[in-house]
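Subject: Structure for you to look at

Hello,

Here is the structure you will be working with. Please open it next to this email, and read on for what was found in it.

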Amino acid sequence: MAETEDDATKRPYRNKGGPHGLGDPDDRSLRKVETEVCIPKKMREIARQEKCVPEVDAFTRCCKDTGLAMVVKCRKENTALWDCLGYWYKDEEFKKRCTEEFLAERSEFRRTGLTKKQRDAQAREAMG
């Protein structure tokens, strides 16, 4: 069913307002896409970089060493990696930490109009 103009004007927009029209920086409510996509993505990234480093390294090394046969030959390393990621994905404290980091980054984006990547690039330019 198509949305009418009246429906669109009645719907509350959380992503309006704020200094750059990107939403209220202090709003801590989460949209469905943030809870189902953005935060799990952040959890995977952090788990790969911090929590499952040995498993990532073993899987990467196996894939480089075996080439196209990796699908068959790296099953053990792949299973170990997914077991590790699955463990952290179910950890409520870890999920809470990732959610807080996501909210802080989103708040800073709404406050400055710059993504984390853009802010990091500016910081590097200022230093060098």
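Predicted model: local features only at pLDDT ≥ 70, side-chain atom pairs only at ≥ 80, totals over all residues.

A disulfide is counted here when two cysteine sulfur atoms lie within 2.5 Å of each other. Residues are numbered from 1 along each chain as its sequence is written, and side-chain values use heavy atoms, with hydrogens and water left out.

Disulfides

The structure has 2 disulfides. In one of them, cysteine 52 is bonded to cysteine 84, with an S to S distance of 2.0 Å. This pair connects distant parts of the chain, 32 residues apart: cysteine 52 is in the loop between α2 and α3 (53–66), and cysteine 84 is in helix α5. Helices here are DSSP runs (H or I, at least four residues), numbered from the N terminus. The link of cysteine 52 and cysteine 84 is left-handed, with -90° about the S-S bond.

A disulfide also joins cysteine 62 to cysteine 74, again with S to S 2.0 Å. Cysteine 62 is in helix α3 and cysteine 74 in the loop between α4 (70–73) and α5, 12 residues apart. The angle about the S-S bond is -95° for cysteine 62 and cysteine 74, and the link is left-handed. If the bonded cysteines are numbered in sequence order, the pairing is 1-4, 2-3.

Cysteine 63 is in no disulfide; the nearest cysteine sulfur belongs to cysteine 74, 4.4 Å away.

How exposed are the cysteines?

Cysteine 52 is buried because its relative accessible area is 0%. Cysteine 84 is buried at 11%, cysteine 62 at 10% and cysteine 74 at 1%. Cysteine 63 also counts as buried, at 17%, whereas cysteine 38 is partly exposed, at 27%.

Around cysteine 52 and cysteine 62

Contact means heavy atoms within 4.5 Å. Leaving out residues up to four places away in sequence, cysteine 52 touches Ala47, Leu81, Cys84, Leu85 and Trp88. With its neighbours within four places set aside, cysteine 62 is in contact with Lys73, Cys74 and Glu77. The C-alpha atoms of cysteine 62 and glutamate 77 are 7.6 Å apart, although 15 residues separate the two along the chain.

The nonpolar core

A nonpolar core is a set of buried Ala, Val, Leu, Ile, Met, Phe, Trp, Tyr and Cys residues joined through side-chain atoms within 4.5 Å. The largest one has 13 residues, of which Cys52, Trp88 and Phe94 touch the most other members. Two or more residues of this core come from each of α2, α5 (75–90) and α6.

Please compare these points with the model on your screen.

Best wishes

Note on methods: Buried < 20%, exposed > 50% of the residue type's maximum accessible area, 1.4 Å probe, protein only.
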